[in-house]
Amino acid sequence: MASSSADSKTLSNSTQYEEVDGNDENVLKKHVAFFDRNKDGVIYPWETFQGFRAIGCGIFLSSFASIFINAGLSGKTRPGKFPNLLFPIEIKNIQKAKHGSDSGVYDTEGRFVPSKFEEIFSKHARTKANALTSDELSGMLKANRVPKDFGGWIGSLAEWKILYILCKDKNGLLQKDTIRAVYDGSLFEMMAAEKASSKKQAGLKGANC
Ligand code: HEM
Ligand SMILES: [Ca+2]
């Protein structure tokens, strides 16, 4: 549905998310931009580590994630056959790092596909229309599995389980708004701001979303 709003998305009364402008935007670039700490277009493992720490993750998860993500995605985003052993991820080619067994919310060019986003909830949200329980999330991951695509299974499992652990609400639900915000990376900015402000307040520990 068209609108004159300059925003790239709106939340209508029926909480259906729709692209308004910028349909051809590579939103996947925005998803990862938070982790490019010095904004030079390349994400090194130490930047992934710093990004995870900034959103409140512990040293163990941050270390594991930075090794796993950079070793796994670097080669896919770089030209040529030879690996760079500093494992940089080139943001301009981030759509090449997509894997199988995903939700399809990012298309092959990294664009956000609203209908696929809505499908997550129409197909898998049974308890509440606008949220997923842990079981419903597991059901979605199973349903998205492409046979024998073990790399894709692990990638999807890691992305969604980390999101669930970090951002479930007090009732164990992963809210639709939270999931929407992970796609364009705004969630990471919010988490970092929350972590920074809670740090200021008398040593409160890094929070969930
Ligand atoms: C706490 C940090 C992160 C969380 C919670 C997270 C979560 C997610 C989620 C939920 C998806 C959507 C998958 C789907 O639609 O099925 C996704 C996709 C993706 N993420 Fe992240 N992510 C994080 C950090 C990163 C980092 C640091 C990178 C790389 C620098 C990255 C690269 C990607 C890529 C390439 C995709 C597309 C996968 C695909 O659709 O096939 N993510 N992530
Ligand atoms: Ca960088």
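1. Which residues of α8 are buried? They are Leu-187, Phe-188, Met-191, Ala-192, Lys-195 and Ser-198. These residues cover an arc of only 135° around the axis, so they lie on the same side of α8. An α-helix has 3.6 residues a turn, so residues three or four places apart point the same way. Please keep in mind that this is a predicted model.

2. The partners of that buried set come next. The buried residues of α8 pack against α1, α2, α6 (150-167) and α7 (176-183). The length of α8 fits a helix: its 15 residues, 186-200, should span 21 Å at 1.5 Å a residue, and the end C-alpha atoms are 22 Å apart, which agrees.

3. Helix α6 passes the length check too. Buried in α6 are Gly-152, Gly-155, Ser-156, Trp-160, Leu-163, Tyr-164, Leu-166 and Cys-167. The cover over them includes α4 (114-124), β5, α5, β6 (174-175), α7 and α8.

4. Thr-133 sits in the loop between β5 (131-132) and α5 (134-144). Is Thr-133 buried or exposed? Thr-133 counts as buried, because its relative accessibility is 18% and the cut-off for buried is under 20%.

5. What does the protein give to the iron atom of ligand 1? It gives a single donor, NE2 of His-31, 2.1 Å away. His-31 belongs to helix α1 (residues 27-33). Helix α1 is also among the elements that the buried residues of α8 pack against.

6. Helix α3 has a bend. The angle is about 25°, at Asn-70. Asn-70 is buried, as are Ser-62, Ala-65, Ser-66, Ser-74 and Thr-77 in α3. Their cover includes β3 (42-43), α2 (45-54) and β4 (89-90). The span still fits: 19 residues (59-77) at 1.5 Å a residue should give 27 Å, and the end C-alpha atoms are 26 Å apart, which agrees.

7. One annotation deserves a look. An unreviewed UniProt entry places a "transmembrane region" at residues 52-73. In the model, residues 52-73 are 82% helix and 0% strand. The end C-alpha atoms of this stretch are 16 Å apart.

How values were computed. Residues numbered from 1 in each chain as written. Chains lettered and ligands numbered in written order. Predicted model: local features only at pLDDT ≥ 70, side-chain atom pairs only at ≥ 80, totals over all residues. Heavy atoms only, no water. Donors = N, O, S within 2.8 Å, 3.2 Å for Na, K, Ca; no water. Helix = DSSP H or I, 4+ residues; strand = E, 2+ residues; numbered from the N terminus. Expected span 1.5 Å × (residues − 1). Bend = angle between axes of the 7 residues up to and from the residue. Buried < 20%, exposed > 50% of the residue type's maximum accessible area, 1.4 Å probe, protein only. Contact = heavy atoms within 4.5 Å. UniProt positions renumbered as here; feature names shortened; annotations may be inferred. Arc of directions from axis to C-beta.
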